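Take a moment to look over the structure shown here. The paragraphs after it lead you through it step by step.

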Amino acid sequence: MMHPIDESVRVATRRQLLKRSAQGVGGIALASLLEGAEGGLPALPHFAPKAKRVIWLHMVGSPPQMDLFDWKPKMQEYFDKDLPESIRNGQRLTTMTSGQARFPIAPTAFKFAQHGKSGAWISDILPWTAKMADDITIIKSMHTEAINHEPAITFIQTGSMIAGKPCTGSWAAYGLGSMNKDLPSFVVLNANHTHPKANVQAISAKLWSAGFLSAQYAGVALRSGGDPVLYINNPDGVDGKTRRRMLDSLGELNQMTYDKLGDAETKARIEQYEMAFRMQTSVPDLTDLSKEPESTYKLYGEAAKKPGTFANQALMARRLAERGVRFIQLYMRGWDVHSDVPEILPAQCKDVDQALYGLVQDLKSRGMLDETVVIWGGEFGRTIYSQGKLSKDVYGRDHHPRCFSLWAAGGGFKPGVVWGETDDFSYNIVRDPVHVRDFQATLMHNLGIDHRRFTYKYQGLDQRLTGVEEAHVVKGIIRS
Amino acid sequence: MKPALLLVSASVFAQTKPVDFQREVRSILSDACYACHGPDKATRMANLRLDVPGPAVVAGKPEESKLWQRINHTNVALRMPPERVHKTITDAQKVTLKRWINEGAIYKQHWAFIAPERPQSPAPRDATWARTPIDRFLLARLESEGVKPAPEADRRTLARRLSFDLTGLPPAPADVEAFVKDAAPNAYEILVDKFMAMPQYGEHRARYWLDAARYADTHGIHIDNYREMWPYRDWVIKAFNKNMPFDQFTVEQLAGDLLPNPSIDQLAATGFHRCNITTNEGGSIDEEVAAVYAKDRVDTTGAVFMGLTIGCATCHDHKFDPITQREFYQMAAYFRNTTQKAMDGNIHDTPPVIVVPSDRDRTRWLAVQQEEKDLRARRERHRKNAHPAFEKWIASGKYKSFQQPFKALQPRFVATAPVNLPDGVKKAEGAAPGTESIQFAKSKSLELPNLKADLDSRKPFTIAAWVYLPKTEGDFVVASKIDRLDTKKNILRGWMLDFDARRPRFQLYGGVEDDLLLIRTGQTVRLKAGAWHHIAVTFDGSRDYKGLTMFVNGKVQYTESNSSTGYGIVEGSTIAQAPLRLASDGNKRFFEDGRIQELRVIDRELRDDEVELLSGWLSLEKALASGKAPEGPARETLELAYLNRSDKQWQKLSAQWLAQIGEQRAIERRSPVTHVMNEIKDKDPEAHILFRGMYDQPRDKVNAGPPSILGTMPADLPRNRMGLAKWLVDPKHPTMARVTVNRFWQEFFGTGIVKSSEDFGAQGLPPTHPELLDWLAIEFRESGWDVGKLVRMIVTSSAYRQAAITDDDKRKKDPENLLLSRGPRFRMDGEVIRDSALEAGGLLVKNMGGPSVKPYQPNGIWETVAMLGSNTRFYKQDHGKKLYRRSMYTFWKRSAPPSSMDIFNAPTREVCTVRRERTNTPLQALVTLNDVQFVEAARVLAEHAMKLPKSDFDDRLNFITARVLARPFEERERGIVRAAHRDLLLHYDAKPDEAKKLIATGEWPVDAKLSPAELAAWTMVASQVMNLDEALNK
């Protein structure tokens, strides 16, 4: 006997059913995970994209630009001299240094040299990065509005200083959909640092939350300790076969419930349990590095063998990219160098340097760099003047919103470009400023998205990543 | 979602009816035009607005109306809306606009801003179906749509639905069976009463409210340390359990502190607005942070009590609702008038807080406070009365012989410069001219091994010194006595007085990892460089951080204090072997160019007047040396000295006062605190309009007031939070009652009558049943805001009692069940799913209230995101009963909320949430399949089933399904499970080790008498039942 509900289900393809359900009460989370489902908005991309995916390496706490990319030789003469008032020019300071009696200049303790055809000045504590100077676009004229970490990270990730807006990865997952059926579209990684004195800043799930977009677009954290995805492992004593047996009859029972009540959510739940089972296979495969050849570790460094290191997580980022993950957000903490820059910064750089080179070269040799944007940078810059004690080899740097350096590679960014210029004090931008919003607009552009037209209706407004203020695609740093 | 609704409305209001501005026109104008021609005057173009009647619309004459002309303009450059805004008006919408103008272009106030009036209860054709007035409204609508309600659900389904909705737990199988057999005509109502009388009722209602109140156990931003707030959570539970009228519930939470002689409970209630996230991030600017807090409170108040997105008017006038930016800041003013500091200090008791003593301590606590106040007053009176005696003493000249004021203070020692000073340490001028201090060159310090300078955490003491801060930045260590037990792990024993970025700081180290007490002045109290300061720290010998007080120049300071353990107690011994060192921490930190004078230790906790005396003494000494009677502050210091030395009565009163403080502190230590609101009493609430919302761009000053669109503030109400609260519950308020009944409705039916329960404004969704909403709002208000009565009316309705069965007709005409053509059925919240697993397994511990608990959680959830210095960096899992408390008692760290609930769409509790999302994801499946909590509950449920006196397969399965689903399986279902069970048993029989591993999941002891293979197979069966769609849905 043909059940009337079965009839209607047969008529609608499953895709339609799921789509309808996703629009209905509750919706289907991780629509991007659905078998065969692409998700994404029909109108997107707006034009041919340069990049398919993004790997954003966020250095939480913010590295000091004048010790890494923004070389200021003149500052050597200014050692322990006061920052001229004309340069500070009424700038608001954090309350950590606003009461300081003096603002003595701390020139960088590191040596710089020019690299690549672009002649980019790069600090000698980034020797591997220096080797790929012609693969990356260095922006020395980034600037932001926030002066403290929480608002600043939230700003660069979500376009707003106040928590609650979706982050860039969620926007991408929402707008562009999924490129695979076994993994989420948006994955978050966390890398450890090694220096015990490094000053660590907080990060939290709100940074990879979907804000007002559906929770299905939130980042899924891939952990380097314990279960890589929360609860992915069966309990001890339950093997894959046993789980399969249990799920088979669970599915049958759920089907009976569906036959009885006709609730589309029941049907969706059956699918979700199947997807969970598939993830139980695909995630271990993802995190199993045993088949990586020795050459991988030559490239990323031996540290890549140790779970949780930056090198290890950079390698994981490549594996995620290979498997069709749309947006990979990697956080590494320990960059908040309020003191002891000369001691801590080299250690932080050593943690990341070779793996950065490794990741970019690896993507390149696999032919993936052209369609993958790699971004490296923090949430703001740091001050040329010292916070706290100052000597040639002891100084600290406070937060500085007016300029900072960041680099991007691949996926439409023009390689071998050094963009923008700051004054002698690395304090104010003198040429080609790039606001955080401009950078977001440019990133969106490379993904084939016009940031002005990519909106989501919330609280009556057409919300967008770049907010209501003006933002411009920086044409000079992208390939035409 | 919205299009579906419009579709429904379109079919109801057929073309023959006149166009309804509310339903059909406003949304078109709002969407396409208001951004430039709406309420916001800052962005208004051509000085033309379309949200109110104006020249652009000529009634009855579309062709003469500028609106009509411009949306149809042939010149693209002149056509509205302009291209740059990416908006279009469809042809269908144009037809509607034209008809509206033709019919007279009647503007109506947005429905939500018009106070509700009690509508006529409709008379549906079927007079028998309706049990409550609610049903008549719903049925009338169903009939007009041509949809039949579903039949009543069977009794087991009803018992389960009721139990989950009223208590958040599955029903006891015995209650289900009794109800099934109960032939009484009011059997259902009896069951309702039974569930509503359970203490779990209040817990379940409170859980929803706590989302709205953004309640959690940490501060939320940056360090995200523990915040002691749970007495507020318990207050909410109790309020629901005693069915507190909702108006009182509102007034006490918004303004309990402004009630006459508020009780401890009424003060605790004001925790509602202390649940916002706060920061202590270094470098933050107070003004900016204070503006953010006020905005959060306005947003929350708007969403919860008014159904308005007032926060949209932070930077400019509201784009869609008639709320001006000025009005936003008038609302903000209510919350700016607080004694709360911007920085939370990273402490668990950020002022203002109150102590919430146990019932046993409460009477004495209140008495002790009064006694302390009285004593203080008596002491002050005595001081005044003794003044003539002091003046006489001065006049007599006796003061000239007054040389040793500190005899009464009896210092253990005063460190002065020894005769032979090492290199780089020299004598220099002191804090007062002619006095002497010790000055230190770079990396130089002074060891004074002969001074017995230990400070014991179990004994009271005072340590004080004059300190000169050099003009350069650097390490400022005043003194230390520290043993370094483990340099790598930084384990110290002893104490140190130093400066942290020019904030004075004192630490006591217990010689064990993370065992220390710390006190330092708040973020913004940084002492001036190039100046002398008198620093004093007193301690009561309690080992508790609350016993530490810090003074600068004789005045008590606002401080941050905490212990690393987060519990506020230093455990180990603080007695160090190392000598007393001035200007060194015994390691690498010194006091370059700093000066120290008269470092002294006293074996007593000095009172505030004594510290004041201490800090005043140098100047007094100088004044005395001149031979003349001191004047001004020095004379006041002398008077204090005189009282302390010569006035017996003063000494007696002072001693009594200190004892009183001691008793207070004793009660404090055994009681929790909770965060409360506290108004600045001698100031009217006010705020500045912030240009574009920027804290550093203040403009006009405004006084407190509500948004005028919801009615004016009656003249007799005070212009503070109390006035605001009273205004909200005033019968004339248009949204308060509607918003409230809508939220309760949503708890039971899954979707509100207004789906956007946080936004009743122009951009919110219109009500599906406007008359019903108004009727309920008025009924609720006139019942005396009786929540219990409202809940009872909802659950006894025929609508609620329908079976949740969908058919093609309903799917077509009512796809989202917005018309309630069937019973409510949806996936339950994460807390309910976990609680119900625990309850089914017989594990749930039903104690009410108390500190939050830490049940199982995967490793590393907190560490991955936490700051190094955070006291919620490491998740220390509890054991025993605390593993099995209701989920609402699980410790809620905002930057990493409990993962199993987070995955089920629980909010982070960082901001107010009145409506949770409800997704359906594979990650959720992984939780209920694999989380130890669920596997353990399945195993213990299986054990109970196996231990039944008579126990064949069917009995066991019946036992399990009765506890999880409130029903026995049908034969076909039974067959499926029997086959699975057979396979699983075969598997585990063959692999006994695997079986043992599985049943060892969780800390609940395994019953060794049961066969491991059999228990493992039954565990999988129980887990399977718990993972059924039916089990996850109510």
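Helices here are DSSP runs of H or I with at least four residues, strands are runs of E with at least two, and both are numbered from the N terminus.

Before going further, a word on the source. This is a predicted model, in which local features need pLDDT of at least 70 and side-chain atom pairs count only at pLDDT 80 or more, while totals for chains, interfaces and linings use all residues. Residues are numbered from 1 along each chain as its sequence is written, and chains are lettered from A and ligands numbered from 1 in the order in which they are written.

Start with chain A. It has 12 helices and 17 strands. Its radius of gyration, taken over C-alpha atoms, is 24 Å. Of the 480 residues in chain A, 59% are buried. A residue is buried if 20 or more other C-beta atoms lie within 10 Å of its own, exposed if 12 or fewer, and partly exposed in between, with C-beta atoms placed from the backbone.

Now turn to chain B. Its secondary structure comes to 35 helices and 19 strands. The C-alpha trace spans about 105 × 90 × 55 Å along its principal axes. Buried residues make up 52% of its 1034 residues. An automatic or database domain assignment divides chain B into domain 1 (2-108), domain 2 (411-605) and domain 3 (930-1032). The centres of domains 2 and 3 of chain B, taken over C-alpha atoms, are 63 Å apart.

Go back to helix 26 of chain B, which runs over residues 830-840. How many of its residues are buried? The count is 11 of 11, and the helix is mostly covered. Charged residues such as Glu831(B), Arg834(B), Asp835(B) and Glu839(B) are among the buried ones.

Glu639(B) counts as buried because it has 20 C-beta neighbours inside 10 Å. Glu639(B) and Glu391(B) are 248 residues apart in sequence, yet 8.8 Å apart in space, C-alpha to C-alpha.

Next, see two helices pack. Helix 31 (residues 953-965) of chain B meets helix 34 of chain B at an angle of about 30°, and their axes are 10 Å apart. Axes are lines fitted to C-alpha atoms, for helices over the stretch in contact, and angles run from 0 to 180 degrees between N-to-C directions. Ile960(B) and Val964(B) are among the residues on the helix 31 side, and Trp1018(B) and Val1021(B) are among those on the helix 34 side. By class, this contact has eight nonpolar, one polar and one charged residues. Nonpolar means Ala, Val, Leu, Ile, Met, Phe, Trp, Tyr, Cys and Pro; charged means Asp, Glu, Lys and Arg; the others, Gly among them, are polar.

Finally, where do the chains meet? In all, 91 residues of chain B are in contact with 77 residues of chain A. Contact means that C-beta atoms, placed from the backbone, lie within 7 Å. Helix 32 of chain B gives the most to this side of chain B, with nine residues. The residues of that side divide into 34 nonpolar, 31 polar and 26 charged.

Key. Two residues are in contact if their C-beta atoms, placed from the backbone, lie within 7 Å. The radius of gyration is taken over C-alpha atoms; the globule rule is 2.2 Å times the number of residues to the power 0.38.
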